[in-house]
Amino acid sequence: MINRLIANTIPLLPERFVWLFSRSYIAGESVDAAMSACRSLNSDGIKTTIDILGEFIRSLDEARKNRDEYLALIETAQGAGIDGNYSVKPTMFGLLIDAEVCYAHIRDIVAKAADYDNFIRIDMEDSGCVDLEIDLFRRLKAEFPKNVGLVLQAYLRRTRSDLESLMDLHTPDVPLNFRLCKGIYAEPRRIAFQRHEEINLHFLEDLGFMLQKGIYPGIATHDRALVDGALKLIESYQAPRDRYEFQMLYGVTPELRSSIVDAGHTMRVYVPYGRHWFGYSTRRLKENPKIVSSIVKSLLLN
Ligand code: FDA
């Protein structure tokens, strides 16, 4: 109840307050800040996936600028020798305004990544975007089989059936590559599982399906129970180390992250940067309203 109240208040918080929380979860506002975060992660043996913050734009002009920003980012990161790929949110390229324009922009980005033999992950947004994002992935995967992947959300009731229906795109030579996460958007009960245990159960079932079929999973979680469950599944399917990876968000649970890296598993960190950090940060605050009270404490102590 209190958590829900806090969650509803979060979007109303002043930017300065949210920034106090955000600064540990965002690489910075500039591409240079992102490069330095990636270099530091790479030097700890961690791969990256870089995300330029922004979503739900209002005009197609913004979509074009966002595409150009990604194209420039790829040139910069490849030039800097960063060991990592890129994540995109389709609504930032006009998915909900004109899906064809969005497709054309993301195609340009995937083509640029493909020039460097690199990879673009299509993030999954709220349930109103899922069909459109799966269609987008299907079209891009047909043209760039090795250079594009998708995110699937374990909390959605439809995810298992989406997984099964996407199997027509899977071959042992070029396996599907899916990031599996719990899902972060507020969705109604008829669309998404709500309870922690239910979501975790489906997460592990979906992961088991992926490992069994030889899909390459990006196991995206900071939940120790899921990490332990994933490690058991990896062992029982005898998945080789180059057939899966763990993924975490920048700045979240660094100790758990190090323990996975130290045990020899591949780890990739999602590195968000850019001017539009407010939406990203308020979603994370809603996820973890307890953090609000620690910010209040730090404000009072400063
Ligand atoms: P859970 O929420 O139970 O967190 C476990 C523990 O981790 C918490 O108790 C806390 O200690 C810590 N923790 C988690 N999040 C934290 C935070 N923000 N700040 C501080 N501590 C935190 N979702 C989506 O809908 N579409 C997407 O495309 C993506 N992409 C994505 C990429 C990557 C690399 C990750 C790791 C996650 C996503 N997500 C996402 C978000 C995902 O759906 C989910 O909301 C979060 O990962 C939180 O779920 P956990 O599995 O970490 O468990």
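Which side chain has an N or O atom 3.2 Å from a nitrogen atom of the ligand? Some notes on that and on the helix packing follow.

1. The side chain is that of arginine 179. A polar contact here is a pair of N or O atoms within 3.5 Å; within protein, one must be able to donate a hydrogen and the other to accept it, and residues adjacent in sequence count only if both atoms are side-chain atoms. Taken alone, the ligand exposes 930 Å², and the protein buries 84% of that (Shrake-Rupley areas with a 1.4 Å probe).

2. Before you go further, please keep in mind that this is a predicted model, where local features need pLDDT of at least 70, side-chain atom pairs count only at pLDDT 80 or more, and totals for chains, interfaces and linings use all residues. Residues are numbered from 1 along each chain as its sequence is written, and side-chain values use heavy atoms, with hydrogens and water left out.

3. The ligand is surrounded by 25 residues (a heavy atom within 4 Å). Met124, Gly183, Thr221, His222 and Glu287 are the closest. By class, the shell has twelve nonpolar, seven polar and six charged residues, with Gly counted as polar.

4. At least two shell residues come from each of β4 (148–153), β5 (177–181), β7 (245–249) and α11 (277–287). The largest share, three residues, is from β7. Helices (H or I, at least four residues) and strands (E, at least two) are DSSP runs.

5. Now the helices. The axes of α8 (residues 196–213) and α9 (residues 224–236) come within 10 Å and cross at roughly 25°, so α8 is roughly parallel to α9 (angles under 35 degrees). Their crossing is right-handed.

Conventions: Axes fitted to C-alpha atoms, helices over the stretch in contact; angles between N-to-C directions. Parallel < 35°, antiparallel > 145°, perpendicular 65-115°, else oblique. Left-handed = near helix turned anticlockwise from the far one by under 90°.
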